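I opened my notebook for a first look at a new structure. Come along while I jot down what I looked up.

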Amino acid sequence: MNLIKSMLFLAFLTAAVFSNAFAENNNEFRLGVISDQPGDKIEDYILMSKYIASRLNEFNIKTGKIVVAKDVDEMIKKVKNKEVDLIFESAFSTIEMKEKAGIKPALAVWRKGVREYRTLFFARKESPVKTIADLNGKTIVFEDPKSTSAYALPKAELRQNGLTALPLEEKGNSNNAVKYVFASQELNQAFYVLQKRADAGAFSDNDWNELSEKIKAELKIIHETKPVIRYIGSFHSGISDKLKKAVEDILIDMDKNQEGKDALKQASKIKKIERLTDNDFKSLEYVKELMRYID
Amino acid sequence: MSARLKIHWKYAVFFILITLAALFPAFLMSNIVIFKGLDSLKEVLKKGEIEEYEETQHLAVKNLSGYLSQALFDPLYRLDIEGINLLIKQIKGETNITSILAADASGKVLTDGTKENPSYGAHLKIDAARLKTLPFLITETEDVHKAVFPIRVKENTIGYGEITFSKEPLKKHLKQHVSSIDSLWNKYQRYIVFLVLISTLTTIGVIIFLSRFFSRYLTAPLITLSNASKMVADGDFSASVPVESKDELGLLQENFNAMVRKLNDMNAKLAAHAKDLEKEVAIRTEELEQTLKRLMEEIAVRKEAEEELKVLATTDSLTGIYNRRKFEESLGIETQRAVRYKIPISLIEVDIDYFKNVNDIYGHLAGDDVLVEITKLVGKNIRDVDVFARWGGEEFMILVSHNDIEGARILAEKLRTMLEKHRIAGIGSVTCSFGAAQFNEGDTVDSFLKRTDDALYNAKRSGRNRVCIL
């Protein structure tokens with residue numbers, strides 16, 4: 001009986017270990033994204049997931065799967081639970097997940113055709129605000145608390161530059177702080193500044209380029225951050241190097257065939273995917289540095 | 001059943017067709033009237049459509065201005081330009097609005113709803129004073145309708161909006177509508193033309209049919225009847241016409257044939273009768289000819305007798321020359337002619353000298369012979385135009401026309417000489433005395449005769465065998 005019990009125990013352990021096994025062990029490749037609208041994301045990335053899975057037969061992978069987490073914390077849990085093989089996320093979230101769950105950034109994703117961005121700080125052309133330092137005691141308009149380029153990054157940049165950023169409604173010594181408000185949309189941020197509801201605004205250089213020339217003509221850029229990778233592909237640390245290499249190769253080659261192009265286009269209009277360079281890793285270090293200033 | 005209802009079906013058809021043909025102009029006229037009416041209606045429709053569309057657009061401007069005045073308030077208040085853009089995009093997608101501009105309280109355009117936002121910074125022409133009380137102000141140009149409205153809640157105006165409606169869709173719509181009306185109209189016109197064409201062709205067909213019908217059932221039989229009548233009029237009773245129908249015309253044809261047959265019979269009887277008459281006439285003619293011949297013979301005999309009587313009446317039975325009565329008649333005529341035409345005429349009276357002695361010595365027969373011989377001698381020596389007659393006993397008269405007294409004297413002398421020289425067998429020489437006179441103006445027959453006789457008397461008294469003139 002003891003022998004039988006021992007064998008049953010071993011079988012249980014084996015099952016427990018392999019129930020959370022990685023792609024090559026459970027016949028599916030799991031692509032993780034963060035969104036509060038899982039349906040949309042699954043629809044966006046399903047083609048890419050299948051594309052990848054269909055090229056991983058040698059790893060005994062049959063299907064692709066989209067794993068959607070509502071936020072970074074949930075994704076961290078999923079990473080820790082080995083529910084995801086590859087995660088696509090912004091630089092800030094990637095750094096956070098790297099720090100907390102050990103994921104390995106590997107790929108620069110040209111999301112919406114953009115590889116990297118800078119956050120620009122702008123003010124009205126005739127405004128006395130000329131540098132980021134001049135914002136002390138002024139009001140700045142951000143887009144949305146969930147935005148990286150138009151909230152998290154500029155807020156961190158302000159703090160890194162020795163300024164205190166506080167919500168407008170928060171009571172305190174406003175003369176020694178930059179008060180901030182949200183305008184919901186990048187375009188609204190520009191109008192907040194133009195209509196003097198705020199002294200400055202901050203959003204990505206891509207958003208700046210989207211502004212009409214007439215509006216840009218009434219604004220001026222007073223500061224810009226270092227470049228930040230727009231979107232990053234990171235592997236679970238438990239993925240074998242061989243599988244990691246194989247997936248990287250597949251993703252990097254996607255823009256070279258029509259099926260791959262279609263899948264990229266459907267997945268947030270990705271133009272192409274590249275391996276991260278040394279400069280990219282430096283950029284990530286910069287982001288990591290900034291994250292120290294984020295609440 | 002009245003007589004009117006006994007019209008043969010052919011004539012009924014004929015009259016119906018005539019009526020149809022006559023109705024064609026009325027149909028044509030009514031078509032023209034309908035055509036004109038619909039054409040006017042088309043214009044009214046077009047005009048009505050334009051007015052209705054403009055009214056609709058005006059209403060749309062009013063409603064939309066009212067709506068946007070409220071709907072833009074919140075996003076403009078929050079400076080949610082993206083929200084405004086979304087709203088503009090939605091409205092523009094559902095209407096034919098060319099542009100919607102949202103401006104701040106100064107009238108500066110913040111957005112036109114597009115990403116490029118080319119209208120940004122422009123200033124709307126705001127009549128703020130009027131817009132305080134009015135919900136919108138509309139201006140109109142040739143191409144657009146523009147409505148400016150305040151973005152406000154109650155009296156709190158935070159900006160202005162401007163809606164521009166292009167008239168192009170209106171024009172396009174109207175063009176389509178007018179084109180559709182015109183298309184329908186053209187279609188209808190084609191129908192009308194087709195209808196008129198069909199009607200015309202039908203009418204022509206009816207007229208051709210009528211003419212053939214008329215020709216076949218009325219004219220041709222009548223011409224045949226006319227020709228047959230002429231034949232009958234010319235005496236050819238063999239004429240007949242075919243009876244082609246049982247209608248009135250057929251009855252006429254039958255009656256005509258019956259009439260011709262009757263005429264033919266009568267003609268035959270007349271011919272037979274004429275033949276008898278001819279024989280009778282021939283006999284009578286023969287008789288008449290015989291009678292006439294007899295009469296003619298009798299007339300000839302009578303004429304001969306008459307002539308004989310006439311000769312006897314005018315001639316002397318012994319000598320055969322004119323007698324006294326005839327000479328007096330001729331003298332009367334000639335004297336009248338002489339007076340009328342102023343012709344000279346003369347008279348010679350001849351008397352045989354001592355003729356009593358001849359009778360006494362040689363007997364009356366010898367005396368007659370003397371008379372006859374002297375007559376012959378004188379007759380031979382005068383002109384044919386001269387009138388020579390026995391005046392009585394042994395006296396003769398010679399009327400010499402176209403001769404005056406001198407001519408008469410010469411003639412008388414010539415005759416005296418000739419008679420003097422002539423020897424009558426058994427008797428010897430016989431002389432004659434001559435008296436001559438010329439018919440003068442104012443003479444009568446009697447005075448003329450008297451003077452001649454006086455001249456003869458002178459010749460006798462002067463010893464006979466001489467010529468005396470007066």
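I started with a term: contact means heavy atoms within 4.5 Å. This is a predicted model, where local features need pLDDT of at least 70 and side-chain atom pairs count only at pLDDT 80 or more, while totals for chains, interfaces and linings use all residues. Residues are numbered from 1 along each chain as its sequence is written, chains are lettered from A and ligands numbered from 1 in the order in which they are written, and side-chain values use heavy atoms, with hydrogens and water left out.

**Entry: where the chains meet**

I looked up the interface and found 13 residues of chain A in contact with 17 residues of chain B. Between them the two chains bury about 1300 Å² (accessible area, 1.4 Å probe, lost on being put together and summed over both). Carbon and sulfur atoms carry 52% of that area.

How many salt bridges cross the interface of chain B and chain A? The rule (a side-chain nitrogen of Lys or Arg within 4 Å of a carboxyl oxygen of Asp or Glu) finds two. I noted the pair Glu210(A) and Lys115(B), with 2.7 Å from N to O.

Next I checked which elements of chain B touch chain A: helix 2 (73-77) and helix 3 (81-94) each give two or more residues. Helices here are DSSP runs (H or I, at least four residues), numbered from the N terminus. Helix 3 of chain B gives the most, three residues. By class, this side of chain B has seven nonpolar, three polar and seven charged residues. In that scheme Ala, Val, Leu, Ile, Met, Phe, Trp, Tyr, Cys and Pro are nonpolar, Asp, Glu, Lys and Arg are charged, and the others, Gly among them, are polar.

**Entry: helices that pack**

I then followed helix 3 of chain B to helix 7 (residues 186-194) of chain A, where the axes come within 7 Å and cross at roughly 120°. Axes are lines fitted to C-alpha atoms, for helices over the stretch in contact, and angles run from 0 to 180 degrees between N-to-C directions. Here Leu187(A), Asn188(A) and Phe191(A) meet Ile81(B), Glu82(B) and Asn85(B).

I see Leu331(B), Gly332(B) and Thr335(B) meeting Val445(B), Phe448(B) and Leu449(B).

**Entry: salt bridges overall**

Last, I looked up the count over all chains, which is 38 salt bridges. One of them joins Lys78(A) and Glu74(A), with the closest N and O atoms 3.8 Å apart. I found both in helix 4 (residues 72-80) of chain A, four residues apart, about one turn of the helix.
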